[in-house]
Amino acid sequence: MSLVASLFRSTERRAAQSLSEEQLIKLLSGGSASSSGVTVNRSTVMTHAAVWRAISGMAFDIAKMPVKVYRTEGAGKEPDRTHPAYGLLRHRANAEMKSFDFKVVIVGHALLKGNGYAYIVRGSGGAAEELIPLDPDYVTPERIGGRLVYSYTSHDKRIALRRIDASSIFHVKGLSYDGLVGYSPLQLMKESVGVGLAARKYISKFFGNGARPSAVLEHPGKIGTEGQERLRKSWNEMHQGLENVHKVAILEEGMKLNPFSMSMVDAQMMELRKFDVREIANWFGIPPHFLGDDTRTSHNSLEQESQSYLDRGLDPWLTAFEEEAEDKLLTERERLDDTHTIEFNRAAAVRSNIDARANYYQKALAGGPWMTPDEVRRLENMNDLEDGAGSQYIVPLNLRTPDPAPGTAPAPAGDAPADTSGGGGGPPDAGRSATPPGAARLDVEAASAQVVKVAQDVAGRMARRLGQHIRRAAKNPATFGAALESIERDHGHVVRDAIEPVVGLSLRLNAAAWSDDAALALRERVVSEMVRAIHAAADDAYTNSPRSAFAAAIETAMDGAERDAAAAAVSMITKRTPDGDTPEPKQ
């Protein structure tokens with residue numbers, strides 16, 4: 001029997017034990033009763049709908065992302081299909097489990113128990129040949145003589161692996177106190193899950209009409225104990241249970257039906273279950289709408305919450321898996337020389353946000369580009385274009401320096417004089433550029449003039465946007481102060497997005513030294529100055545004008561403030577260098 005079959009066969013012998021099913025579950029799962037009286041273990045916890053959806057959703061989302069071994073080559077990387085770990089992570093982890101199933105099991109164990117373990121079967125050369133998941137309830141990490149080792153004993157004691165070296169155990173763990181074992185979410189959220197399971201049980205019995213009487217039948221005479229039992233049995237057979245809801249009741253001999261109204265406890269049960277979903281979402285660090293609670297989710301915030309799910313919910317587990325794989329599945333030389341890396345293709349998980357990515361890439365590639373096509377392709381986990389076709393910035397034709405006229409040679413580099421001796425076999429002036437002196441400077445000046453026009457248009461529109469915010473706020477003087485303070489929060493991101501392309505283009509054309517930090521700093525200074533100008537003018541009008549003339553004062557103030565804010569922005573954007581000096585034109 002293979003090691004894989006032996007490890008998994010041990011879990012099939014549970015039915016042969018002499019213990020009851022409930023005792024066996026408690027024994028195997030380490031379950032314990034919560035304060036609600038409900039036993040919470042790894043079997044009962046998965047009957048909680050929100051827990052099931054959280055664990056299965058996160059495990060499946062991670063498992064569907066391809067993970068590959070890459071060989072690094074310069075600034076890029078290529079999948080290394082010949083590496084022993086490539087097939088384990090990409091196709092089949094062991095003889096009985098595909099890589100998708102393996103990732104689901106390991107991540108599922110880590111989400112529920114805080115630790116996901118797998119035994120690494122190595123060949124004669126030390127390369128990993130199989131990855132076999134281990135039940136985290138029966139794995140014990142410990143330090144012996146300063147060395148980290150693991151022990152595994154199956155629940156039926158048929159398999160025992162003692163003092164396994166840490167290099168042979170693939171261990172993905174969550175938050176940990178000592179760095180050896182992750183905290184068990186199952187134990188930590190026992191009370192939260194217990195309340196949810198208890199509420200579900202209560203509601204089930206409420207609808208089954210078995211928790212308490214919901215009505216009293218009143219008889220004008222005495223019917224005796226036997227008569228009461230017959231009447232109760234007959235009534236329950238006719239009206240108890242969901243299948244008998246809304247059936248017509250027929251009362252005889254002057255009987256009356258006195259129903260009990262729903263108590264506040266019953267009325268709050270559904271609200272309790274909604275809160276229960278939100279609490280489980282907090283335990284797993286994911287937005288509640290992923291668990292079916294959309295009561296606090298709007299269409300506008302859905303995209304941000306989805307991105308938060310990827311960044312805060314999934315990415316920590318992806319990073320933990322990648323680092324463990326690199327530590328245990330790469331050789332020491334591959335790690336030290338940084339020749340290989342193991343990565344998930346995260347682009348496969350963010351397709352829901354493709355419109356935002358496409359818009360960002362469009363801005364990055366057009367106008368005053370700050371990214372090359374190859375850089376965009378790398379972010380999408382794609383290879384560079386062949387023959388270096390994607391390594392250059394895409395500059396619009398009207399901003400390019402024209403090529404020399406046909407039949408002329410380019411201007412000599414540096415200060416070296418042009419060869420006018422005709423030694424090249426051509427006419428005496430063949431070595432001299434036909435481009436007049438200062439042509440390159442004129443091209444930069446022409447492009448800069450276009451940048452000024454674009455900057456004037458963008459700055460004017462953004463200044464009017466800020467001014468319009470103040471004008472609308474002035475219609476209600478009582479809330480004007482709060483609206484004034486919210487101007488940057490409400491419109492700052494729009495102004496940043498609008499001016500970012502022209503800031504990048506201006507710096508590339510005119511700045512002596514271009515950098516991403518310089519572009520970011522200039523953009524923030526421009527936004528800050530525009531907001532400051534509008535804010536100062538509005539605050540002055542608000543402070544010094546009578547309420548009866550407040551709206552007119554704001555209108556006059558905004559007319560001047562919009563012009564000043566736009567002019568200041570254009571001046572800052574089109575300034576030649578951060579220190580105000582005009583650099584020599586780039587050749």
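**Aromatic pairs and buried elements in the predicted model**

Phe321 and Phe344 are both buried, a term that denotes under 20% relative accessible area, with exposed meaning over 50% and partly exposed in between (1.4 Å probe, protein chains only). The structure is a predicted model, in which local features need pLDDT of at least 70 and side-chain atom pairs count only at pLDDT 80 or more, whereas totals for chains, interfaces and linings use all residues. Residues are numbered from 1 along each chain as its sequence is written, and side-chain values use heavy atoms, with hydrogens and water left out.

A search of the whole structure finds nine aromatic pairs, where rings of Phe, Tyr and Trp (its six-membered ring) pair if their centres lie within 6.5 Å, and planes under 30 degrees apart count as stacked, over 60 as edge-to-face and the rest as tilted. The ring centres of Phe290 and Tyr309 are 4.0 Å apart with the planes at 25°, so this pair is stacked. Phe290 belongs to the loop between α9 (264–284) and α10 (299–329) while Tyr309 is in helix α10, so the pair ties together parts 19 residues apart in sequence; helices (H or I, at least four residues) and strands (E, at least two) are DSSP runs, numbered from the N terminus. Phe290 is partly exposed, at 25% relative accessibility, whereas Tyr309 is buried at 5%. Phe321 and Phe344 form an edge-to-face pair, 5.3 Å centre to centre with 65° between the planes, which links helix α10 to strand β15 (residues 340–344) across 23 residues. Ring pairs also join Phe102, Phe170, Phe321 and Phe344 into a cluster.
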